[in-house]
Structures are given as structure tokens and as C-alpha cells.
Amino acid sequence: MLLRANTVLTLSGPPLEKADVRVTGNRITEVGPSLTPHEGEPVHDLPGHVLLPGLINAHCHLDYTGFKGSIFPTKSFTGWIRRINALKGSFSADDYLKSIDDGFQQLMRSGCTTVFNIEAFPDLFLRMKKPPIRTWWFLELIDIRTRLAGDDTLAGALAFFAEHKDWPGGFGLSPHSPYTASIELFRLAKHCSQDMGMRFTTHIAESIEEQEMFLYGQGPLYDFLTELGRDTEDCGQGSALSHLMDFGLLDEHCLAVHLNYLQEYDLKLLREHPLNIVHCPRCHAYFAHSRFPLERLRDAGCSISLGTDSLASNDMLDLRGEIRQLRKNYPNLTAEECLHMVTTAPARAIGLPGELGVIAPGAFADLIAFPLPANTNPYQAVLFSEGPPSFFMVDGEIKNPTNSG
């Protein structure tokens, strides 16, 4: 198939005017001006449009799509945890499956062709159908009061992963956070990452209450977890990030989500061992967190991607909205820089640079197109676009972004 557009944003070089993109199977095989169609090759014209790689949401909880509007914005992170725990108990397996399907619909309508999703309920895997977009499923691991639900649960999930390699994307593990997952769980995630070639992800330093817990052994989160029976011997000994890095548990295979509250020694550690970090701007604003330390993290050599988090702390699953929120705090960021944070940066973080997030020979054919008004910067046209993309392709297959079925 040959795709023709006014402008092609390759994200691997400057924009191409009046360019063509050839797709063979599920890969891009050729990019350039005035490519000659092969005999019988379909040609898909996109006049007045900008064509670009599909957007990559680097952190999402599709389970909670149905929670939209159920928790009012609050500065109390611990209060939010109590509320979401109550909500989780009120949802059935069917409710969660519907939430996941609804979430996919919303992602597609915003031009997202890849998502890194946290799955909290392993039993749901048995009832899931093949996802409509490229999806990395990260099984959430929590052992705040007891061991992981059992070795059989993890073994079953890993067996499911092995049997579904045909699903677009991949699988991984997600020790939830240093306050809900033990060092043993983090070691397990890193071990599986190394032995099975999987990425892993975790929430770190998300709230001031988390920092109070680890730095001083006090605060609302500390009290709440103590009530639940969490061992707090690791509290009062340093930051949440240093707690994990001192054990050598974070590396380039980890997607570290949030990192909103850092100490100076954390930044020193990051300069020595840069991480792939995921920032969720609208979730950040929902909790009224202190200003995200974007400049200092970038100066430390960290790569930063963007995610939406869940609709329990957001009101949309649209990376364009995340970029617009980000630029409110960082107006000097260009639209091009921001698009790299939802294409090439998460592609590197998941271990597929040059194969995801770019338009180049050998890359996956995950492509979207938006209208390009006359005399408009093409990067800005994407950033300020409204509604679903006019063209949507995942793994070489054209899909209707308003109907994932």
C-alpha cells in the first residue's frame, strides 16, 4: 500500500513535503517523494493532511476507565487511595472488561496506536480478546500484607504471556510502588526482565505523602499503611527512589512513572544511572503536585515520555491534552519536542527505537493523519487537532478510530 500526504512527520528527521510512505505487510518499507506505485498496489491519498507515527501512551490503567468523575480532585493522595480502593470493590469483572474496551475506544479516537497498560486483575486476561492497538500489558504486583496472590497466579500470567505472543505489543511486570511492593517483588520483576526480555514499570515518588513516609517515617500514607500491617522498617531512611536504587533494582529496562518529588541525592543517583521516566501532566495537575522537575531530570540524562494515567485521576485519555497541559508549565517546549515525548521517547523506553514512533524503513506501520490547515506548522496542527484522526493504521491494518470493534 502507498500512502500519500501533504506533509509527513517522520520523527526521525525534518518534515517531508508531498511525500509517500510504502507499507508492506505490517512494516514501512519505503519513504520518499513521488514513489511509483507497484502494479496493483493500492494508493491511499491524504490531501491536506499531515501523516505521522501513531502516538504512544507510556502509562495507563485501562481497568479504571469506568471510574471517570467518581473521585473529586484532592490534594490528599492517601484519601484518593482510600476512595479508589472502595470503588475497585464495587466493580465486577464484566465492569472492568467494559472499562478496558471503552478505554481502547478513547485512545484510538485521540490517535494513540500503542499503550503501556497496567493490569491489576490477572483473571481478566483469560476473558480478553486481542487488543485493537499495540498494547504492553504490565501485571501489577502488590504484597503489602501478604505474598503475591500466590506463585500459581504469577506462573499462570507468565504462561498466558508466552501463549499470546501474537498479540501486538508485549507483556511485563509492574511492582506497584515502593510502598506497596516489597524488595523481593522488585527483584522478581527485574529478574524476569533480564531473563525473559520484558520491560517492567513502577510508580515512584508520586506524592509528598510518599516522600514523608520514606524520609521521615510519618504522615497520612505511613499511618494508613501501618494500619494495614505493612512492615515499616524501610521508612525514615531516605527517599523512595534511593530506597530502590540502593538495592540496584532500577535500570534502563524500567519505566519509572511520576518522580514528582526528589531530593538532591536522588538527582545525583539519576546522573549516574539515568532512567526512562514517564510524566502524566493532567494527573499531576489533578493532585496539585509541586511543579514537575522536568528540566532537572533532563539535565540528569533521563528520557521523559508522557502518559495519561487513568480516569480515576484524569478526565480524558488523550495525549494531545497531556501535551497541552505540559506546555502550560513549560511554554518553551516546542510542539516537536513534545511529540517526541509521545513517539520516539516511549519507543526507546520499551526497547524498540527505530521500530516504533517513527516513519522509516523497517518501522512498524502504525500511522495516523490529521487535517493540516494552510500555512500551519504541522507539529502544531497535530497538537491542536480536535476529534479523531482522519486516518488510523495499526500493524499495517487500517482501522476506524471511532469503532475499535
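This is a predicted model: local features need pLDDT of at least 70, side-chain atom pairs count only at pLDDT 80 or more; totals for chains, interfaces and linings use all residues.
Reader: What is the sulfur distance from Cys 254 to the nearest cysteine sulfur?

Author: Start with the general idea: a disulfide is a covalent bond between the sulfur atoms of two cysteines. Here the nearest cysteine sulfur to Cys 254 belongs to Cys 302 and lies 11 Å away, and Cys 254 is in no disulfide. The structure holds 0 disulfides.

Reader: Which residues line the largest cavity?

Author: Cys 280 and Cys 283 are among them, together with Glu 206, His 258, Asn 260, His 279, His 284 and His 289. By class, this lining has 2 nonpolar, 5 polar and 1 charged residues. The volume of the largest cavity is about 30 Å³, and the structure holds 1 cavity of 30 Å³ or more.

Reader: Let's turn to the sheet. In what order do the 7 strands lie?

Author: In general, strands of a sheet pair through backbone hydrogen bonds, either parallel or antiparallel. In this model the order is E3-E2-E1-E4-E13-E14-E15, in an open sheet with mixed pairing. Strand E3 (27-33) and strand E15 (397-398) are the edge strands, each pairing on one side only.

Reader: How many bridges join E2 and E3?

Author: Strand E2 (residues 16-24) pairs with E3 over 6 bridges, in the antiparallel sense. To find your place there, look for Ala 19, which stands opposite Pro 33 in E3.

Methods:
Residues are numbered from 1 along each chain as its sequence is written. Side-chain values use heavy atoms; hydrogens and water are left out. On a 1 Å grid over the protein atoms alone, a cavity is a set of points where a 1.4 Å probe fits but cannot get out, and a pocket is an open set with protein on both sides within 12 Å along at least five of seven lines; lining residues have an atom within 4 Å of a point. Grid points are joined across faces, edges and corners, and a volume is the space filled by probe spheres set on the points. Ala, Val, Leu, Ile, Met, Phe, Trp, Tyr, Cys and Pro count as nonpolar, Asp, Glu, Lys and Arg as charged, and the others, Gly among them, as polar. A disulfide is a pair of cysteine sulfur atoms within 2.5 Å. Two strands pair if DSSP finds at least two bridges between them. Helices (H or I, at least four residues) and strands (E, at least two) are DSSP runs, numbered from the N terminus.
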